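Subject: Structure handover

Hello,

Here is the structure I promised you. Please open it first, then read my notes below.

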Amino acid sequence: MAEELRITVDELRKRTEAGEDFVFIDTRNPQAWAQSDVKLPGAIRIPLDSLDENLSKIPKGKPIVAYCT
């Protein structure tokens with residue numbers, strides 16, 4: 001993956017604090033969701049293996065940040 005398609009946590013924090021609005025997609029599988037205490041408020045939960053079927057759920061017009069563990 002090209003480096004410019006990645007963002008560090010620190011860079012994301014700075015940009016969010018500066019007022020930039022992102023769409024967050026949590027791509028963890030349902031088992032990982034259930035086992036985690038950490039869930040980003042407002043994130044759209046779409047397991048990576050069903051991303052294609054759920055593209056319509058992703059808002060357009062904002063930068064997208066996908067994350068997993």
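Start with D26. Leaving aside neighbours within four places in sequence, D26 is in contact with W33, A43, I44, R45, I46, P47 and Y67. Contact means heavy atoms within 4.5 Å.

Before going on, a word on the source. This is a predicted model, so local features need pLDDT of at least 70 and side-chain atom pairs count only at pLDDT 80 or more, while totals for chains, interfaces and linings use all residues. Residues are numbered from 1 along each chain as its sequence is written, and side-chain values use heavy atoms, with hydrogens and water left out.

Is D26 buried or exposed? D26 is buried, because its relative accessible area is 1%. The cut-offs are these: buried is under 20% relative accessible area, exposed is over 50%, and partly exposed is in between (1.4 Å probe, protein chains only).

D26 is found in strand 1. Strands (E, at least two residues) and helices (H or I, at least four) are DSSP runs, numbered from the N terminus. The bridge partner of D26 in strand 3 is Y67. Strands 1 and 3 run parallel, joined by four bridges.

Two strands pair if DSSP finds at least two bridges between them. Strands of a sheet pair through backbone hydrogen bonds.

Next, I44. I44 lies in strand 2, residues 44-45. I44 counts as buried because its relative accessibility is 19%. Not counting residues up to four places away in sequence, I44 touches V23, F24, I25, D26, K57, I58 and P59.

Last, the largest pocket. Its volume is about 810 Å³. A pocket is an open set of points on a 1 Å grid over the protein atoms alone, where a 1.4 Å probe fits, with protein on both sides within 12 Å along at least five of seven lines. Its volume is the space filled by probe spheres set on the points.

How many residues line the largest pocket? There are 24, and I7, I64, V65, A66 and Y67 lie nearest its centre. Lining residues have an atom within 4 Å of a point. Helix 1 (9-17), strand 1 (23-26) and strand 3 (64-67) each give two or more residues to this lining. Strand 3 gives the largest share, four residues.

Best wishes
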